[in-house]
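Please keep the sequence and the structure in view while reading.

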Amino acid sequence: MGVLSGLQPERVFHYFEEICGIPHGSGHVEAISDYLVEFAKRRGLPWIRDEAGNVIFIKEASPGYEGEAAVILQGHMDMVAVSEPGLAVDMTREPLRLAVEGDRIRALGTSLGGDDGIAVAYMLALFEDGSLKHPRLEAVITVDEEVGMDGARVIDLSMLQGRRMINLDSEEEGIFLAGCAGGARIRCHLGTPASEHGGRIWQVTLGGLKGGHSGGEIHRERGNSNLLMGRFLRGLSRELETGLLSCEGGMADNAIPRESVARILVPEGAEENLRAFAAAWEKEAGAELASRDPGFFLRLERGEAERALCLWGEELDRCAAYWSSLPNGVQAMSQDIEGLVETSLNLGVLHFSAREGLEADFSVRSSIESAKRALLDKVGALTELAGGTCRVEGDYPGWAYRVHSPLREKMTALYEEMYGRKPRIEAIHAGLECGLLAAKIPDLDCVSMGPDMRDIHTAQETLSISSTARVWEYLVRLLEQKDGEILQERRRL
Ligand SMILES: [Zn+2]
(Lines give C-alpha, C1' and ligand atoms only; values in the text may rest on other atoms or scores of the structure.)
Protein backbone atom coordinates (compact mmCIF):
# COMPACT_ATOMS: atom_id res chain seq x y z
CA MET A 1 0.00 0.00 0.00
CA GLY A 2 1.34 3.34 -0.99
CA VAL A 3 1.27 6.36 1.28
CA LEU A 4 -1.05 8.09 -1.20
CA SER A 5 -3.43 5.18 -1.87
CA GLY A 6 -6.95 6.13 -1.00
CA LEU A 7 -6.50 9.72 -2.20
CA GLN A 8 -8.63 10.96 -5.10
CA PRO A 9 -8.20 11.13 -8.05
CA GLU A 10 -6.82 7.68 -7.46
CA ARG A 11 -4.87 7.16 -10.70
CA VAL A 12 -3.27 10.62 -10.58
CA PHE A 13 -1.91 9.95 -7.10
CA HIS A 14 -0.99 6.39 -8.09
CA TYR A 15 1.28 7.73 -10.82
CA PHE A 16 2.56 10.58 -8.67
CA GLU A 17 3.67 8.09 -6.04
CA GLU A 18 5.36 5.91 -8.68
CA ILE A 19 7.24 8.96 -9.97
CA CYS A 20 8.32 9.87 -6.42
CA GLY A 21 9.76 6.35 -6.13
CA ILE A 22 12.16 6.99 -9.01
CA PRO A 23 14.95 9.48 -8.24
CA HIS A 24 14.64 12.24 -10.85
CA GLY A 25 16.61 15.29 -9.83
CA SER A 26 17.82 17.47 -12.70
CA GLY A 27 20.76 15.84 -14.43
CA HIS A 28 19.64 12.38 -13.27
CA VAL A 29 16.66 11.72 -15.50
CA GLU A 30 17.56 8.47 -17.31
CA ALA A 31 15.41 6.30 -15.03
CA ILE A 32 12.32 8.51 -15.19
CA SER A 33 12.72 8.83 -18.95
CA ASP A 34 12.88 5.02 -19.22
CA TYR A 35 9.79 4.75 -17.05
CA LEU A 36 7.84 7.06 -19.37
CA VAL A 37 8.87 5.12 -22.47
CA GLU A 38 7.84 1.87 -20.71
CA PHE A 39 4.46 3.43 -19.95
CA ALA A 40 3.88 4.27 -23.62
CA LYS A 41 5.12 0.88 -24.85
CA ARG A 42 2.87 -1.08 -22.51
CA ARG A 43 -0.17 0.79 -23.77
CA GLY A 44 0.77 0.69 -27.43
CA LEU A 45 0.97 4.49 -27.64
CA PRO A 46 3.21 5.94 -30.36
CA TRP A 47 6.24 7.45 -28.61
CA ILE A 48 9.54 9.16 -29.36
CA ARG A 49 12.55 9.71 -27.17
CA ASP A 50 15.40 11.92 -28.34
CA GLU A 51 19.04 11.83 -27.35
CA ALA A 52 18.53 14.29 -24.52
CA GLY A 53 15.91 11.97 -22.98
CA ASN A 54 12.85 14.10 -23.78
CA VAL A 55 9.77 11.93 -24.27
CA ILE A 56 6.76 12.54 -26.50
CA PHE A 57 3.77 10.23 -26.71
CA ILE A 58 0.52 10.45 -28.58
CA LYS A 59 -3.05 9.33 -27.92
CA GLU A 60 -5.44 9.52 -30.83
CA ALA A 61 -8.78 11.32 -30.54
CA SER A 62 -11.59 9.37 -28.93
CA PRO A 63 -14.54 8.49 -31.21
CA GLY A 64 -16.45 11.59 -32.25
CA TYR A 65 -13.52 13.93 -31.49
CA GLU A 66 -11.53 13.37 -34.68
CA GLY A 67 -12.40 16.83 -35.99
CA GLU A 68 -11.40 18.69 -32.81
CA ALA A 69 -8.11 20.61 -32.55
CA ALA A 70 -5.28 18.47 -31.16
CA VAL A 71 -3.98 19.50 -27.70
CA ILE A 72 -0.39 19.35 -26.52
CA LEU A 73 0.05 18.69 -22.79
CA GLN A 74 3.42 19.67 -21.47
CA GLY A 75 5.57 19.45 -18.36
CA HIS A 76 9.07 18.53 -17.26
CA MET A 77 10.25 15.24 -15.77
CA ASP A 78 13.11 16.58 -13.65
CA MET A 79 12.82 18.13 -10.20
CA VAL A 80 14.95 20.36 -7.99
CA ALA A 81 16.42 17.79 -5.58
CA VAL A 82 17.20 19.52 -2.30
CA SER A 83 17.25 18.25 1.26
CA GLU A 84 17.32 19.77 4.70
CA PRO A 85 20.84 20.64 5.84
CA GLY A 86 22.42 17.78 7.75
CA LEU A 87 20.03 15.11 6.45
CA ALA A 88 21.95 12.10 5.18
CA VAL A 89 20.06 11.31 2.01
CA ASP A 90 21.31 10.52 -1.50
CA MET A 91 18.63 11.89 -3.77
CA THR A 92 20.27 10.34 -6.82
CA ARG A 93 19.54 6.87 -5.42
CA GLU A 94 16.86 7.00 -2.78
CA PRO A 95 13.12 7.40 -3.39
CA LEU A 96 11.27 10.28 -1.73
CA ARG A 97 9.59 9.52 1.58
CA LEU A 98 6.07 10.81 1.17
CA ALA A 99 3.79 11.98 3.94
CA VAL A 100 0.23 13.27 3.99
CA GLU A 101 -0.49 16.14 6.37
CA GLY A 102 -4.08 17.33 6.18
CA ASP A 103 -4.68 18.55 2.65
CA ARG A 104 -1.00 18.54 1.76
CA ILE A 105 1.52 16.05 0.51
CA ARG A 106 5.17 16.54 1.30
CA ALA A 107 8.41 14.57 1.25
CA LEU A 108 10.15 14.08 4.58
CA GLY A 109 13.32 16.18 4.68
CA THR A 110 13.47 16.84 0.94
CA SER A 111 11.77 18.63 -1.91
CA LEU A 112 8.70 16.84 -3.27
CA GLY A 113 8.94 17.49 -6.97
CA GLY A 114 5.25 18.34 -7.25
CA ASP A 115 6.96 20.75 -9.61
CA ASP A 116 6.64 19.14 -12.02
CA GLY A 117 5.85 15.50 -11.17
CA ILE A 118 2.17 16.25 -10.83
CA ALA A 119 2.07 17.34 -14.50
CA VAL A 120 3.52 13.99 -15.51
CA ALA A 121 1.06 12.15 -13.25
CA TYR A 122 -1.86 14.01 -14.86
CA MET A 123 -0.64 13.08 -18.31
CA LEU A 124 -0.18 9.39 -17.48
CA ALA A 125 -3.64 9.22 -15.90
CA LEU A 126 -5.19 10.92 -18.93
CA PHE A 127 -3.38 8.70 -21.40
CA GLU A 128 -4.21 5.40 -19.69
CA ASP A 129 -7.93 6.02 -19.26
CA GLY A 130 -9.85 4.67 -22.26
CA SER A 131 -13.17 6.04 -21.02
CA LEU A 132 -12.24 9.74 -21.37
CA LYS A 133 -13.40 11.85 -24.30
CA HIS A 134 -10.83 14.11 -25.89
CA PRO A 135 -9.21 15.30 -29.12
CA ARG A 136 -5.83 13.94 -30.21
CA LEU A 137 -3.47 14.40 -27.26
CA GLU A 138 0.26 14.93 -27.56
CA ALA A 139 2.30 14.69 -24.35
CA VAL A 140 5.63 16.55 -24.33
CA ILE A 141 7.74 15.76 -21.28
CA THR A 142 11.12 17.46 -21.18
CA VAL A 143 14.33 16.87 -19.24
CA ASP A 144 16.30 19.31 -17.10
CA GLU A 145 13.95 22.28 -17.14
CA GLU A 146 15.20 23.35 -13.73
CA VAL A 147 18.82 23.77 -14.80
CA GLY A 148 18.47 25.89 -17.93
CA MET A 149 15.60 24.26 -19.85
CA ASP A 150 18.09 22.03 -21.62
CA GLY A 151 15.46 19.59 -22.88
CA ALA A 152 13.12 22.24 -24.30
CA ARG A 153 16.09 23.84 -26.02
CA VAL A 154 16.92 20.81 -28.16
CA ILE A 155 13.59 19.01 -28.55
CA ASP A 156 12.25 18.59 -32.09
CA LEU A 157 8.50 19.21 -32.20
CA SER A 158 8.05 19.15 -35.97
CA MET A 159 5.98 15.94 -35.83
CA LEU A 160 3.31 17.43 -33.56
CA GLN A 161 -0.09 18.29 -34.98
CA GLY A 162 -1.23 20.41 -32.04
CA ARG A 163 -1.23 24.19 -32.20
CA ARG A 164 -2.71 24.50 -28.73
CA MET A 165 -0.66 23.72 -25.66
CA ILE A 166 -1.49 23.41 -22.00
CA ASN A 167 1.68 23.73 -19.98
CA LEU A 168 1.22 22.16 -16.52
CA ASP A 169 4.15 23.84 -14.76
CA SER A 170 2.37 26.57 -12.78
CA GLU A 171 1.71 26.34 -9.08
CA GLU A 172 -1.30 28.44 -8.28
CA GLU A 173 -4.77 27.17 -9.09
CA GLY A 174 -7.03 29.84 -10.54
CA ILE A 175 -4.21 31.67 -12.31
CA PHE A 176 -3.73 31.09 -16.02
CA LEU A 177 -0.36 32.26 -17.26
CA ALA A 178 -0.42 33.74 -20.71
CA GLY A 179 3.11 34.99 -21.24
CA CYS A 180 6.62 34.84 -19.83
CA ALA A 181 9.92 36.62 -20.19
CA GLY A 182 12.83 35.55 -22.32
CA GLY A 183 16.30 35.75 -20.88
CA ALA A 184 20.01 35.22 -21.15
CA ARG A 185 23.10 35.17 -19.01
CA ILE A 186 25.82 37.66 -19.75
CA ARG A 187 29.30 37.11 -18.33
CA CYS A 188 31.56 40.13 -18.25
CA HIS A 189 35.28 40.02 -17.67
CA LEU A 190 37.55 42.94 -16.91
CA GLY A 191 41.27 42.23 -16.69
CA THR A 192 43.01 44.41 -14.09
CA PRO A 193 46.67 45.16 -13.36
CA ALA A 194 48.00 43.62 -10.15
CA SER A 195 50.90 44.90 -8.07
CA GLU A 196 52.44 44.05 -4.70
CA HIS A 197 51.86 46.26 -1.71
CA GLY A 198 52.33 46.07 2.02
CA GLY A 199 49.78 46.86 4.69
CA ARG A 200 47.09 45.16 6.72
CA ILE A 201 44.45 42.84 5.35
CA TRP A 202 40.82 43.48 6.25
CA GLN A 203 37.80 41.42 5.39
CA VAL A 204 34.68 43.39 4.47
CA THR A 205 31.33 41.62 4.49
CA LEU A 206 28.18 43.23 3.16
CA GLY A 207 25.28 41.00 4.15
CA GLY A 208 21.96 40.49 5.87
CA LEU A 209 20.06 41.17 2.65
CA LYS A 210 16.87 39.33 1.73
CA GLY A 211 17.81 38.33 -1.81
CA GLY A 212 15.20 36.43 -3.80
CA HIS A 213 14.59 35.09 -7.28
CA SER A 214 15.50 37.53 -10.00
CA GLY A 215 12.40 36.60 -12.02
CA GLY A 216 9.90 36.73 -9.19
CA GLU A 217 11.29 39.42 -6.91
CA ILE A 218 13.32 41.91 -8.90
CA HIS A 219 10.48 44.47 -8.63
CA ARG A 220 10.96 44.62 -4.86
CA GLU A 221 14.17 46.62 -5.43
CA ARG A 222 16.06 44.74 -2.75
CA GLY A 223 19.68 45.46 -2.11
CA ASN A 224 22.20 43.64 -4.32
CA SER A 225 25.33 42.92 -2.27
CA ASN A 226 27.56 42.75 -5.36
CA LEU A 227 26.61 46.24 -6.48
CA LEU A 228 26.79 47.59 -2.96
CA MET A 229 30.34 46.26 -2.73
CA GLY A 230 31.24 48.12 -5.94
CA ARG A 231 29.90 51.30 -4.42
CA PHE A 232 31.70 50.73 -1.14
CA LEU A 233 35.04 50.13 -2.88
CA ARG A 234 34.59 53.14 -5.14
CA GLY A 235 33.98 55.35 -2.11
CA LEU A 236 36.78 53.82 -0.06
CA SER A 237 39.40 54.02 -2.82
CA ARG A 238 38.75 57.76 -3.06
CA GLU A 239 39.08 58.15 0.69
CA LEU A 240 42.32 56.27 1.28
CA GLU A 241 44.80 54.24 -0.73
CA THR A 242 43.38 50.76 -0.82
CA GLY A 243 44.21 47.46 -2.48
CA LEU A 244 41.68 44.77 -3.40
CA LEU A 245 42.87 41.17 -3.10
CA SER A 246 39.67 39.25 -3.75
CA CYS A 247 35.91 39.43 -3.69
CA GLU A 248 33.14 36.83 -3.89
CA GLY A 249 29.41 37.43 -3.97
CA GLY A 250 26.25 35.57 -4.92
CA MET A 251 25.30 31.97 -5.66
CA ALA A 252 23.66 32.06 -9.10
CA ASP A 253 23.01 34.60 -11.82
CA ASN A 254 19.24 34.36 -11.22
CA ALA A 255 19.39 34.83 -7.45
CA ILE A 256 19.63 38.34 -6.01
CA PRO A 257 22.90 38.18 -4.04
CA ARG A 258 22.52 38.46 -0.26
CA GLU A 259 26.14 38.66 0.78
CA SER A 260 29.48 39.68 -0.71
CA VAL A 261 32.87 39.38 0.95
CA ALA A 262 35.97 41.33 -0.08
CA ARG A 263 39.54 41.15 1.19
CA ILE A 264 41.24 44.50 1.06
CA LEU A 265 44.65 45.87 1.99
CA VAL A 266 45.12 49.27 3.60
CA PRO A 267 48.35 50.87 4.87
CA GLU A 268 49.21 50.31 8.51
CA GLY A 269 48.04 53.29 10.50
CA ALA A 270 44.93 53.82 8.37
CA GLU A 271 42.77 51.71 10.69
CA GLU A 272 40.91 54.65 12.15
CA ASN A 273 40.14 56.16 8.76
CA LEU A 274 38.92 52.81 7.50
CA ARG A 275 36.68 52.22 10.52
CA ALA A 276 35.22 55.71 10.33
CA PHE A 277 34.53 55.45 6.59
CA ALA A 278 32.94 52.00 6.96
CA ALA A 279 30.72 53.08 9.85
CA ALA A 280 29.46 56.15 7.99
CA TRP A 281 28.93 54.14 4.83
CA GLU A 282 27.01 51.41 6.66
CA LYS A 283 24.75 54.01 8.23
CA GLU A 284 24.02 55.71 4.94
CA ALA A 285 23.40 52.51 2.95
CA GLY A 286 21.38 51.08 5.85
CA ALA A 287 19.09 54.10 5.82
CA GLU A 288 18.64 53.76 2.08
CA LEU A 289 17.71 50.10 2.42
CA ALA A 290 15.79 50.40 5.68
CA SER A 291 12.32 49.52 4.42
CA ARG A 292 13.43 46.83 1.96
CA ASP A 293 16.34 45.20 3.72
CA PRO A 294 16.26 46.07 7.41
CA GLY A 295 18.84 43.36 8.21
CA PHE A 296 21.61 44.91 6.11
CA PHE A 297 25.03 45.11 7.77
CA LEU A 298 28.65 45.86 6.99
CA ARG A 299 31.24 43.89 8.98
CA LEU A 300 34.95 44.65 9.15
CA GLU A 301 37.40 41.99 10.34
CA ARG A 302 41.03 42.76 10.98
CA GLY A 303 43.55 40.32 9.44
CA GLU A 304 47.30 39.91 9.22
CA ALA A 305 49.84 42.50 8.20
CA GLU A 306 51.50 41.35 4.97
CA ARG A 307 52.62 42.13 1.44
CA ALA A 308 50.16 40.93 -1.12
CA LEU A 309 49.31 41.05 -4.79
CA CYS A 310 46.34 43.36 -5.27
CA LEU A 311 44.58 45.92 -7.42
CA TRP A 312 45.86 49.15 -5.96
CA GLY A 313 44.96 52.81 -5.62
CA GLU A 314 43.83 54.55 -8.79
CA GLU A 315 43.56 51.25 -10.63
CA LEU A 316 41.09 50.05 -8.03
CA ASP A 317 39.19 53.32 -8.31
CA ARG A 318 38.90 52.81 -12.10
CA CYS A 319 37.68 49.21 -11.72
CA ALA A 320 35.22 50.22 -8.99
CA ALA A 321 33.88 52.98 -11.24
CA TYR A 322 32.90 50.33 -13.81
CA TRP A 323 31.67 47.92 -11.14
CA SER A 324 29.46 50.45 -9.35
CA SER A 325 27.93 51.84 -12.54
CA LEU A 326 26.72 48.51 -13.92
CA PRO A 327 22.97 48.62 -14.55
CA ASN A 328 20.84 46.45 -12.27
CA GLY A 329 17.23 45.82 -11.30
CA VAL A 330 14.02 46.83 -13.09
CA GLN A 331 14.69 48.64 -16.36
CA ALA A 332 11.11 48.89 -17.68
CA MET A 333 7.55 47.98 -16.64
CA SER A 334 5.04 46.51 -19.11
CA GLN A 335 2.56 48.90 -20.64
CA ASP A 336 0.18 46.01 -21.54
CA ILE A 337 -0.11 44.15 -18.25
CA GLU A 338 -0.37 46.09 -15.03
CA GLY A 339 2.39 45.38 -12.54
CA LEU A 340 4.42 43.15 -14.86
CA VAL A 341 8.15 43.84 -15.07
CA GLU A 342 9.02 44.03 -18.74
CA THR A 343 12.82 44.22 -18.65
CA SER A 344 15.32 43.68 -15.84
CA LEU A 345 18.74 42.37 -14.98
CA ASN A 346 20.45 41.03 -11.90
CA LEU A 347 24.16 41.09 -11.10
CA GLY A 348 23.95 37.67 -9.50
CA VAL A 349 27.53 36.42 -9.24
CA LEU A 350 30.73 38.35 -8.86
CA HIS A 351 34.32 37.13 -8.51
CA PHE A 352 37.45 39.17 -8.23
CA SER A 353 40.98 37.97 -7.80
CA ALA A 354 44.12 40.05 -8.19
CA ARG A 355 45.41 37.63 -10.83
CA GLU A 356 42.27 37.13 -12.88
CA GLY A 357 40.50 40.45 -12.53
CA LEU A 358 36.76 40.96 -12.25
CA GLU A 359 34.05 38.65 -13.48
CA ALA A 360 30.41 39.78 -13.26
CA ASP A 361 27.54 37.48 -14.28
CA PHE A 362 24.08 38.83 -14.94
CA SER A 363 20.72 37.30 -15.63
CA VAL A 364 18.89 39.52 -18.14
CA ARG A 365 15.12 39.15 -18.74
CA SER A 366 12.52 40.77 -20.90
CA SER A 367 9.16 39.93 -22.36
CA ILE A 368 10.22 41.92 -25.41
CA GLU A 369 12.99 40.33 -27.45
CA SER A 370 14.42 43.60 -28.81
CA ALA A 371 14.50 45.15 -25.32
CA LYS A 372 16.43 42.13 -24.07
CA ARG A 373 18.96 42.46 -26.88
CA ALA A 374 19.32 46.21 -26.25
CA LEU A 375 20.04 45.61 -22.57
CA LEU A 376 22.58 42.87 -23.33
CA ASP A 377 24.21 45.31 -25.71
CA LYS A 378 24.25 48.07 -23.10
CA VAL A 379 26.08 45.87 -20.59
CA GLY A 380 28.43 44.78 -23.37
CA ALA A 381 29.12 48.35 -24.46
CA LEU A 382 29.85 49.54 -20.94
CA THR A 383 32.23 46.63 -20.41
CA GLU A 384 34.01 47.31 -23.71
CA LEU A 385 34.42 50.97 -22.79
CA ALA A 386 36.06 49.86 -19.55
CA GLY A 387 38.39 47.60 -21.55
CA GLY A 388 36.68 44.28 -20.84
CA THR A 389 34.83 41.59 -22.77
CA CYS A 390 31.45 39.86 -22.46
CA ARG A 391 29.87 36.65 -23.61
CA VAL A 392 26.19 35.79 -23.77
CA GLU A 393 25.03 32.28 -22.81
CA GLY A 394 21.79 30.38 -22.38
CA ASP A 395 19.73 32.78 -24.46
CA TYR A 396 16.05 31.77 -24.54
CA PRO A 397 13.10 33.47 -26.16
CA GLY A 398 10.10 34.81 -24.28
CA TRP A 399 6.51 33.80 -24.76
CA ALA A 400 4.69 36.90 -25.91
CA TYR A 401 1.19 37.57 -24.59
CA ARG A 402 -1.47 36.94 -27.28
CA VAL A 403 -4.28 39.43 -27.29
CA HIS A 404 -6.54 36.89 -29.03
CA SER A 405 -6.18 33.34 -27.74
CA PRO A 406 -8.99 30.85 -28.52
CA LEU A 407 -7.55 28.36 -25.99
CA ARG A 408 -7.43 30.93 -23.20
CA GLU A 409 -10.95 32.10 -24.01
CA LYS A 410 -12.27 28.53 -23.93
CA MET A 411 -10.44 27.81 -20.67
CA THR A 412 -11.72 31.02 -19.10
CA ALA A 413 -15.33 30.29 -20.07
CA LEU A 414 -15.14 26.75 -18.65
CA TYR A 415 -13.51 28.00 -15.45
CA GLU A 416 -16.31 30.50 -14.95
CA GLU A 417 -18.91 27.84 -15.60
CA MET A 418 -17.36 25.46 -13.06
CA TYR A 419 -16.39 27.89 -10.32
CA GLY A 420 -18.61 30.93 -10.84
CA ARG A 421 -15.73 33.37 -11.08
CA LYS A 422 -13.08 34.42 -13.54
CA PRO A 423 -9.58 32.99 -13.41
CA ARG A 424 -6.75 35.48 -13.11
CA ILE A 425 -4.87 35.88 -16.37
CA GLU A 426 -1.25 36.79 -15.75
CA ALA A 427 2.11 36.95 -17.40
CA ILE A 428 5.31 36.45 -15.45
CA HIS A 429 8.78 37.89 -15.53
CA ALA A 430 10.37 34.49 -14.98
CA GLY A 431 11.11 32.05 -17.78
CA LEU A 432 9.00 29.04 -18.70
CA GLU A 433 9.59 26.37 -21.29
CA CYS A 434 6.63 27.80 -23.22
CA GLY A 435 8.95 30.47 -24.66
CA LEU A 436 11.33 27.93 -26.17
CA LEU A 437 8.51 25.67 -27.32
CA ALA A 438 6.47 28.53 -28.80
CA ALA A 439 9.46 29.40 -30.96
CA LYS A 440 9.26 25.87 -32.44
CA ILE A 441 5.52 25.62 -33.10
CA PRO A 442 4.16 28.18 -35.54
CA ASP A 443 1.31 30.25 -34.14
CA LEU A 444 1.20 28.30 -30.87
CA ASP A 445 -1.73 29.12 -28.61
CA CYS A 446 -0.64 28.33 -25.05
CA VAL A 447 -1.80 28.60 -21.45
CA SER A 448 0.11 27.49 -18.35
CA MET A 449 -1.71 26.23 -15.26
CA GLY A 450 -1.39 23.79 -12.37
CA PRO A 451 -2.57 22.89 -8.86
CA ASP A 452 -1.54 24.74 -5.69
CA MET A 453 1.97 24.10 -4.46
CA ARG A 454 3.99 25.89 -1.82
CA ASP A 455 7.69 26.41 -1.30
CA ILE A 456 8.77 24.71 -4.50
CA HIS A 457 12.50 24.11 -4.90
CA THR A 458 12.87 23.76 -1.12
CA ALA A 459 12.71 20.92 1.40
CA GLN A 460 9.41 22.42 2.62
CA GLU A 461 7.63 21.95 -0.74
CA THR A 462 4.02 20.77 -0.48
CA LEU A 463 1.23 19.94 -2.92
CA SER A 464 -2.47 20.45 -2.19
CA ILE A 465 -4.56 17.29 -2.53
CA SER A 466 -7.89 19.06 -3.03
CA SER A 467 -6.42 21.44 -5.59
CA THR A 468 -4.88 18.51 -7.47
CA ALA A 469 -8.35 16.96 -7.62
CA ARG A 470 -10.03 20.15 -8.88
CA VAL A 471 -7.42 20.72 -11.56
CA TRP A 472 -7.85 17.11 -12.68
CA GLU A 473 -11.60 17.51 -12.95
CA TYR A 474 -11.11 20.77 -14.84
CA LEU A 475 -8.65 19.21 -17.30
CA VAL A 476 -10.96 16.26 -18.00
CA ARG A 477 -13.87 18.59 -18.69
CA LEU A 478 -11.78 20.93 -20.79
CA LEU A 479 -10.63 18.12 -23.07
CA GLU A 480 -14.14 16.72 -23.25
CA GLN A 481 -15.62 20.05 -24.30
CA LYS A 482 -15.83 20.50 -28.05
CA ASP A 483 -14.98 23.94 -29.43
CA GLY A 484 -17.98 26.22 -29.41
CA GLU A 485 -19.99 24.08 -26.97
CA ILE A 486 -19.80 26.55 -24.13
CA LEU A 487 -20.81 29.41 -26.38
CA GLN A 488 -23.82 27.45 -27.67
CA GLU A 489 -24.96 26.64 -24.16
CA ARG A 490 -24.68 30.26 -23.23
CA ARG A 491 -26.78 31.36 -26.13
CA ARG A 492 -29.51 28.93 -24.99
CA LEU A 493 -29.51 30.48 -21.54
ZN1 LIG B 1 8.72 23.51 -12.89
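The centres of domain 1 and domain 2, taken over C-alpha atoms, are separated by 39 Å, the domain bounds coming from an automatic or database domain assignment. This is a predicted model, in which local features need pLDDT of at least 70 and side-chain atom pairs count only at pLDDT 80 or more, whereas totals for chains, interfaces and linings use all residues. Residues are numbered from 1 along each chain as its sequence is written.

**Domains**

- Domain 1 covers 10–181 + 399–492, and domain 2 covers 186–395.
- Ten residues from domain 1 and twelve residues from domain 2 form the contact, where two residues are in contact if their C-beta atoms, placed from the backbone, lie within 7 Å.
- The side of domain 1 that touches domain 2 has six nonpolar, four polar and no charged residues; Ala, Val, Leu, Ile, Met, Phe, Trp, Tyr, Cys and Pro count as nonpolar, Asp, Glu, Lys and Arg as charged, and the others, Gly among them, as polar.

**Helices H1 and H3**

- Helix H1 (residues 10–20) and helix H3 (residues 114–128) have axes that come within 8 Å and cross at roughly 130°; helices (H or I, at least four residues) and strands (E, at least two) are DSSP runs, numbered from the N terminus.
- Axes are lines fitted to C-alpha atoms, for helices over the stretch in contact, and angles run from 0 to 180 degrees between N-to-C directions.
- H1 and H3 are therefore oblique to each other, given that angles under 35 degrees count as roughly parallel, over 145 as roughly antiparallel, 65 to 115 as roughly perpendicular and the rest as oblique.
- The contact of H1 with H3 includes Tyr-15 and Phe-16 from H1 and Ala-121 and Leu-124 from H3, and by class it has eleven nonpolar, one polar and two charged residues.

**Helices H5 and H7**

- Helix H5 (residues 225–239) packs with helix H7 (residues 313–324) at an angle of about 150°, their axes being 8 Å apart.
- Among the residues making this contact are Arg-231 and Arg-234 of H5 and Asp-317 of H7, and the contact divides into six nonpolar, three polar and four charged residues.

**The open sheet**

- Four strands in the order S4-S5-S23-S22 make an open sheet with antiparallel pairing, two strands being paired if DSSP finds at least two bridges between them.
- Strand S4 (98–101) and strand S22 (453–454) stand at the edges with a single partner strand each, so one side of each is left without a neighbour in the sheet.
- S4 runs antiparallel to strand S5 (residues 104–107) and is joined to S5 by four bridges, with Glu-101 opposite Arg-104 in S5.
- Helix H11 (residues 465–480) packs on the sheet, where H11 touches S5 and strand S23 (462–464), and the direction of H11 makes about 50° with that of S23.
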